[in-house]
Amino acid sequence: IGFYNILRHSSSTYALIEGLSYLGKSLQPVEKAIDYVISNQLLEVGDKAYIFDDTYFSFFIIHVKGEIL
């Protein structure tokens, strides 16, 4: 899906975690989604962390301006 990016994935995963926690259910079903974000999209710089959105527009901003926004 062209409009479903990592930011939507992350927020959907967060909502699922909140719902499962509220219901007292295991978080095991969302561990794979969390592991994916941490392994592939997380950038830590000092004491800050960023999620890299790899859609075309974000890629363009990072590479043209040479900075992470």
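Leaving aside its neighbours within four places in sequence, which residues is I17 in contact with?

Mentor: Apart from those neighbours, I17 is in contact with L27, V30 and I34, where contact means heavy atoms within 4.5 Å.

Some ground rules before we dig in. This is a predicted model, so local features need pLDDT of at least 70 and side-chain atom pairs count only at pLDDT 80 or more, while totals for chains, interfaces and linings use all residues. Residues are numbered from 1 along each chain as its sequence is written, and side-chain values use heavy atoms, with hydrogens and water left out.

Back to your residue. I17 lies in helix 1; helices (H or I, at least four residues) and strands (E, at least two) are DSSP runs, numbered from the N terminus. I17 counts as buried because its relative accessibility is 18%. The cut-offs are under 20% relative accessible area for buried, over 50% for exposed, and partly exposed in between, using a 1.4 Å probe and protein chains only.

How does the length of helix 1 check out? Helix 1 covers residues 6-23, and its 18 residues should span 26 Å at 1.5 Å a residue; the end C-alpha atoms are 25 Å apart, which agrees. The expected span is 1.5 Å times one less than the number of residues. Just after helix 1 comes G24, with a positive phi of about 75 degrees.

I34 is partly exposed, because its relative accessible area is 29%. Not counting residues up to four places away in sequence, I34 touches T13 and I17. For I34 and Y14, 20 residues apart along the chain, the C-alpha separation is 8.9 Å.

Further along helix 2 you reach V37, which counts as buried at 12% relative accessibility. Its contacts, leaving aside neighbours within four places in sequence, are I6, H9, S10, L42 and I51. V37 and I51 are 14 residues apart in sequence and 7.8 Å apart in space, C-alpha to C-alpha.

Strand 1 (residues 42-45) and strand 2 run antiparallel and are joined by four bridges; two strands pair if DSSP finds at least two bridges between them. L43 has Y50 as its bridge partner in strand 2, and E44 stands opposite A49. The hairpin has two residues between the strands, and G46 takes a positive phi near 60 degrees there.

Stepping back, the protein has three helices and two strands, in the order α-α-β-β-α along the sequence. Of its 69 residues, 19% are buried.

One caution on confidence. pLDDT is the predictor's confidence in each residue, from 0 to 100. The protein averages 76, and 71% of the residues score at least 70. Among the elements, your helix 1 has the highest mean pLDDT (88), while helix 3 (residues 56-65) has the lowest (46). Over residues 59-66 pLDDT stays under 50, and the model has seven contacts beyond four places in sequence for that stretch.
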